[in-house]
Amino acid sequence: MNREAYMKLIEEISLNAWPSHKIELYDGWLIRFSHNYTHRTNSVEQVGTPLIPIEEKIAYCEAMYANYHTPSIFKINPLLDPSFDRLLEEKGYEIQHVTEVMTMNLERLNAWEPLSAEYEYYGRNSGLPSCVYYPGDIIVQLRDRIVDEWITSLFRLNGTTNPTLRRIVPSMYKAIPKETIVAFAEIDGRMVASGLGILDRGHVGLYAIYVDASCRHKGFARAICSTILTEAKKKGADHAYLQVVQGNTFAKELYASLGFQDFYTYWFRAKELTKG
């Protein structure tokens with residue numbers, strides 16, 4: 001598979017992995033809206049060949065986001081004609097959230113070796129261990145589905161306090177149409193680290209990697225990522241991908257040490273709409 005085709009594949013499976021609260025298909029563009037939870041789920045993504053004139057399309061999208069009372073945001077990736085990015089810049093759109101996509105052939109996986117694993121049957125047929133033990137008293141717990149308790153704890157880890165988001169985002173996680181590997185670590189019954197693996201077409205995507213401030217730089221993120229990637233490999237995945245915001249040096253160093261390499265960069269063009 002050539003570079004462009006593989007980039008298109010990663011764009012497709014990452015789109016599957018993170019559904020929006022609302023989606024409208026408009027002449028080959030997906031208009032995604034999620035009350036600004038993330039730029040990825042609250043932006044326009046181009047997935048098909050357009051027929052409507054570009055100026056008309058941009059105006060339509062701006063009207064949609066104005067109706068939603070959120071900024072107008074477009075995702076820009078290397079598959080798009082560079083002239084589109086320049087046009088948005090001329091219209092006053094600013095670059096936000098530059099994101100680096102990293103990929104790995106799982107043959108290169110340099111996972112942290114666990115001390116042991118525990119298997120407990122509780123109505124699942126996923127084959128996942130219930131607990132994986134690492135040095136430093138780190139215990140990664142695994143589930144095969146996303147439950148409300150995990151989402152509530154995730155909100156605490158990533159600082160989501162907005163009542164609207166706390167109401168709608170659980171449905172976004174539960175709408176993920178692919179097999180998932182849900183990971184977390186607790187201290188005294190309180191979740192201090194999280195991770196989510198999403199399987200699709202021989203790939204596993206790493207999502208929702210968060211660690212409580214009190215537990216950073218202690219191996220929790222390495223344990224979570226190692227566990228998800230190892231279990232995904234057992235399930236037949238042969239490649240992995242992730243997305244990391246540019247400038248997150250610690251995260252990039254961790255991912256590189258696991259075996260990930262830089263693939264491509266995308267960003268968003270955003271503009272606050274004039275209130276009318």
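# Pockets, a cavity and strand pairing

In strand 13, Thr-99 has Tyr-266 as its bridge partner. The model is predicted: local features need pLDDT of at least 70, side-chain atom pairs count only at pLDDT 80 or more, and totals for chains, interfaces and linings use all residues. Residues are numbered from 1 along each chain as its sequence is written, and side-chain values use heavy atoms, with hydrogens and water left out.

**Exercise 1.** Describe how strand 13 pairs with strand 5 and with strand 4.

*Solution.*
- Step 1. Strands (E, at least two residues) and helices (H or I, at least four) are DSSP runs, numbered from the N terminus; two strands pair if DSSP finds at least two bridges between them.
- Step 2. Strand 5 and strand 13 run antiparallel and are joined by 8 bridges.
- Step 3. Strand 4 (residues 72–76) also pairs with strand 13 in the antiparallel sense, over 5 bridges. Here Ile-76 has Trp-267 in strand 13 as its bridge partner.

**Exercise 2.** Characterise the largest pocket and its lining.

*Solution.*
- Step 1. On a 1 Å grid over the protein atoms alone, a pocket is an open set of points with protein on both sides within 12 Å along at least five of seven lines; a cavity is a set where a 1.4 Å probe fits but cannot get out, and lining residues have an atom within 4 Å of a point. Points are joined across faces, edges and corners, and a volume is the space filled by probe spheres set on them.
- Step 2. The largest pocket holds about 1,200 Å³ of space. Of its 43 lining residues, Ile-209, Tyr-210, Gln-243, Asn-248 and Tyr-255 are the closest to its centre.
- Step 3. Strand 11 supplies the largest share of this lining, 6 residues. Strand 5 (94–105) and strand 13 (261–271) are among the elements that each supply at least two.
- Step 4. The lining divides into 26 nonpolar, 12 polar and 5 charged residues. Ala, Val, Leu, Ile, Met, Phe, Trp, Tyr, Cys and Pro count as nonpolar, Asp, Glu, Lys and Arg as charged, and the others, Gly among them, as polar.

**Exercise 3.** State which helix gives the most to the lining of the largest cavity, and list the lining residues.

*Solution.*
- Step 1. The whole structure has 1 cavity of 30 Å³ or more. The volume of the largest cavity is about 60 Å³.
- Step 2. Its lining consists of Glu-11, Ser-14, Leu-15, Trp-18, Arg-32, Arg-40, Glu-45, Lys-75 and Gln-243.
- Step 3. Helix 1 gives the most to this lining, with 3 residues.
- Step 4. By class, the cavity lining has 5 charged, 2 polar and 2 nonpolar residues.
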